[in-house]
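Student: I would like a close look at a single part of this model. Please take the ligand site.

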Amino acid sequence: MTGSDVRAPSIHTLAVRGGMSPGSHNGSISVPIYQTATFQRSVVLEETWDYSRIANPTRSALEECLTALEGAADAVATASGMAATTLAVWSTCRSGSHVVLADNVYGGTWDLFREVMPAWGIDVSVVDLRDLDAVRAAIGPRTSLVWVESPSNPLLKVADIAAVSAAAHSAGALVAVDSTLATPVLQQPITLGADLVVHSTTKYLGGHSDVTGGVLLSANDELAQRVRKVSGITGSIGAPFDSWLVLRGIRTLPTRMAQICTSAAAVAKYLQSHPRVSAVHYPGLAGHPDHAVAAKQMTGFGGVISFEYDGTMDQAARLCARTHVFTLAVSLGGVESLIQHPAQMTHCTTGGTQVAVPPGLIRLSIGLESPDDLIADLDQALAG
Ligand SMILES: Cc1ncc(COP(=O)(O)O)c(C=O)c1O
C-alpha cells in the first residue's frame, strides 16, 4: 500500500468503529461498562487507570469516538449538555470576563448566563451572530468567549462559524459552538475554526431519549489540557452506563440523521404550504435567510423545525396537545417525534428578554416515523 492509498475513514465508519480497540476488553465487540469507582494498582506510582472521576475506560471509549467524529484534539464527556456548557465557561472565563452570546440559544444556556454567571463576575452581550459588524462591535478587551449555537434552538438561525471565528480570533477571543442540533454528522465546527464544541448527547448522539449527557470538545492540546484539568477538579464527568448508552446511540447516528433530514425536509415543505402557518424556520428551505450559509457549512439541515401558528399563544399551545403521532414533550433528537411550545416550555424564562421567542412558535423534533404519518398528524392538528 502506498501513502496515497491511505484514506481517512468516513463518518459512517468512525461512528461504528470509534472507541473500539481491537483485542482489548477480552474481545468484547461492545465496550464493557466499567462500573467501578477506582482501580487496583500493583505499585503506588503506576501509569494505569486510577480513579473514575479522572478517567474511566467506558467514558474514554466514548470520548475517543467523539474526538474522531469532530476532528478534535480531545473530548470530555459530562453528565448533561448544560454541564458541558458550564465546563466550557469555567475553562475559558474568569471573574471580569465578557461573553458575546447568540441572541437565540437553548433556554438553559440563557439561564446559565443570566442566573449563575453574573455572580462570578461574568457578563454577556446578546448579539445576532449573523450580523458580523455587530459581532465585531460587541467584542471588547474583556471578551473571553463568543458563544455560538448553530443551528439555534428553536429559531434555527445559522451563524457563519468560519466568519465568526475569524472575527473573534482577530480580537483575541475564543469561540464555542453548541452544535447539538447539527451533530458531528452534519457539521464539524472545529474544521470551520471553532475552539470548543458542545453537544447535549441527550439528543441525537444518544438518540433514544433514554440518557442525559453532554460533551465538550477542544480544538487543540492547550485548551484540551485546561478543560480536562477543570473537569477532573470539578467532577464534571459522565457516568459509565450513560457513556455506554451514548456510544451505542452513536453507532447508528449517520443512518438516523440521513432519514431524519429527509423526513424533516418533507414536513417543512408541507408546513410552508399550510394557510394557518405564517412562517416556517428550517434552514433546508431555499427561502430561509440562512440557507446559503447552512448549505456551505453543513452536509444536511437536521431534524428540528419550528413554525409560527397564525393564532394566539393559547391556540398554539392547544395545537401541541392535539397531535397523536408527535408526543408533547421537551427535548429533541430521539427516534420518536416530539412537539412543544417553546414560549411556555423550553424557553419559558426568556419572555420579555433579548432572547424571547415568538409566542405562537411551535417546535418539532422529527424522528424516524413515516413522514406521511407525521404530515397527516400535523394536518389534523392544524385543522382542529
Ligand atoms: C441546543 C441545546 N444545547 C444544550 C442543551 C442542554 O442539554 P441537557 O438537557 O443535556 O443539559 C439543550 C437541551 O435541550 C439544547 O437543546
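Student: How far from an oxygen atom of the ligand does a polar side-chain atom of threonine 202 lie?

Tutor: The distance is 2.6 Å for threonine 202. That is a polar contact, meaning a pair of N or O atoms within 3.5 Å. Bear in mind that this is a predicted model: local features need pLDDT of at least 70, side-chain atom pairs count only at pLDDT 80 or more, and totals for chains, interfaces and linings use all residues. Residues are numbered from 1 along each chain as its sequence is written, and side-chain values use heavy atoms, with hydrogens and water left out.

Serine 200 also faces an oxygen atom of the ligand, with a side-chain N or O atom at 2.8 Å. The protein buries 91% of the 390 Å² that the ligand exposes when taken alone (Shrake-Rupley areas, 1.4 Å probe).

Now the surroundings. There are 13 residues around the ligand, each with a heavy atom within 4 Å of it. Met82, Asp178, Ser200, Thr202 and Lys203 come nearest.

Finally, the space itself. The ligand takes up the largest pocket. A pocket here is an open set of points on a 1 Å grid over the protein atoms alone, where a 1.4 Å probe fits, with protein on both sides within 12 Å along at least five of seven lines. A molecule sits in one if more than half of its atoms lie within 2 Å of its grid points.

Note on methods: Polar contact = N/O pair within 3.5 Å; in protein donor to acceptor, adjacent residues only side chain to side chain. 1 Å grid on protein atoms, 1.4 Å probe; cavity = no way out; pocket = protein on both sides within 12 Å on 5 of 7 lines; lining within 4 Å.
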